[in-house]
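Visitor: Please take me on a close look at one part of this model. I would like to hear about its aromatic rings and the packing around them.

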Amino acid sequence: MTAIVAAAGALLAVQASGPAQASNGSPFVSGSNPILFVHGYNGDGSNWNTMADRFRADDWPTSHLRQWTYDSRQSNAVTAQQLAAEVDRLLTATGAAKVDIVSHSMGGLSSRYYLKNLEGTAKVDAWVSLGGPNHGTDSANSCFDTSCAEMRIGSSFLTGLNSGDETPGSTRYATWWSPCDTVINPDSSVSLSGAVNSRTTCLSHTALLTDTTVYAQTRDMINR
């Protein structure tokens, strides 16, 4: 495998595996928001199977769990426009006033663009970034899709996204980063000013999707 393929593959949000486990605390209630899951580079909606199953075990109805799939090679700005339409569809389908967004890796960039530039803060109560390259990652230097270039440290896309308030509006923001995540370099890239930024135990980039503690903390953050 060449270095380029290896680096691109490292950014892949692979499908998570493992049994769903019911957990204590913060089960679904009538005021809980529907959740839109946004995968990372080269991923798809199935990456969220384990986490979505855990939400179901905590009484979230399937109608409130949208495991969205999009073309991760395109600009994150284009994805953000498509995400806006997906949020509207989820709100219409559930009758909810707002959604929560849970993102992994590059999915944090398009969803943040939506919040910052497409008036998404009016429709999103809580936003979560698991291992997001919010300030860039050197792993993106070896892949060449439009979205990869946008993930590079110092890219014009990230410069615009991070200018001014990194966590605008009344939306609640939270990030999780792992000291053992070799895909997001530097580790400090994940944290955002104005967000609740949490360090995990020693987890790989994809393990953020399946770790039971990260799940429970994510659930409790969005469901309050």
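Guide: Let's begin with Trp-60, which is buried (under 20% relative accessible area, with over 50% exposed and anything in between partly exposed, using a 1.4 Å probe and protein chains only), since its relative accessible area is 3%. Please keep in mind that this is a predicted model, in which local features need pLDDT of at least 70, side-chain atom pairs count only at pLDDT 80 or more, and totals for chains, interfaces and linings use all residues. Numbering starts from 1 along each chain as its sequence is written, and side-chain values use heavy atoms, with hydrogens and water left out.

Now to the rings themselves. Two rings of Phe, Tyr or Trp (its six-membered ring) pair if their centres lie within 6.5 Å; planes under 30 degrees apart are stacked, over 60 edge-to-face, and the rest tilted. That rule gives eight aromatic pairs. One of them joins Phe-28 to Trp-60: their ring centres are 5.6 Å apart with planes at 70°, so this pair is edge-to-face. The two partners come from distant parts of the chain, 32 residues apart, with Phe-28 in the loop between helix H1 (3–10) and strand S1 (35–38) and Trp-60 in the loop between helix H2 (49–57) and S2.

Another pair brings in Phe-37 and Trp-48, whose ring centres are 5.1 Å apart and whose planes meet at 35°, so the pair is tilted. Phe-37 sits in S1 and Trp-48 in the loop between S1 and H2, so this pairing ties together parts eleven residues apart in sequence. Both Phe-37 and Trp-48 are buried. Ring pairs gather these residues into a cluster of Phe-28, Phe-37, Trp-48, Phe-55, Trp-60 and Tyr-215.

Phe-55 leads us to H2, where the buried residues are Thr-50, Met-51, Ala-52, Arg-54 and Phe-55. They pack (contact means heavy atoms within 4.5 Å) against S1, S2, strand S3 (99–104), strand S4 (124–130) and H7. Just after H2, Asp-59 adopts a positive phi of about 80°.

Tyr-215 belongs to the partner helix: Met-51, Arg-54 and Phe-55 in H2 meet Thr-212, Tyr-215, Arg-219 and Ile-222 in H7. The axes of H2 and H7 (residues 212–222) lie 11 Å apart, at an angle of about 55°. Axes are lines fitted to C-alpha atoms, for helices over the stretch in contact, with angles running from 0 to 180 degrees between N-to-C directions. H2 and H7 are therefore oblique (under 35 degrees is roughly parallel, over 145 roughly antiparallel, 65 to 115 roughly perpendicular, and the rest oblique).

Finally, let's step back to the whole chain. The protein chain has seven helices and six strands, running α-β-α-β-α-β-α-β-α-α-β-β-α from the N terminus. Of its 224 residues, 53% are buried. Among contacts between residues at least 6 apart in sequence, 75% join residues at least 24 apart, and the pair of Phe-28 and Trp-60, 32 residues apart, also links distant parts of the chain.

Conventions: Helices (H or I, at least four residues) and strands (E, at least two) are DSSP runs, numbered from the N terminus.
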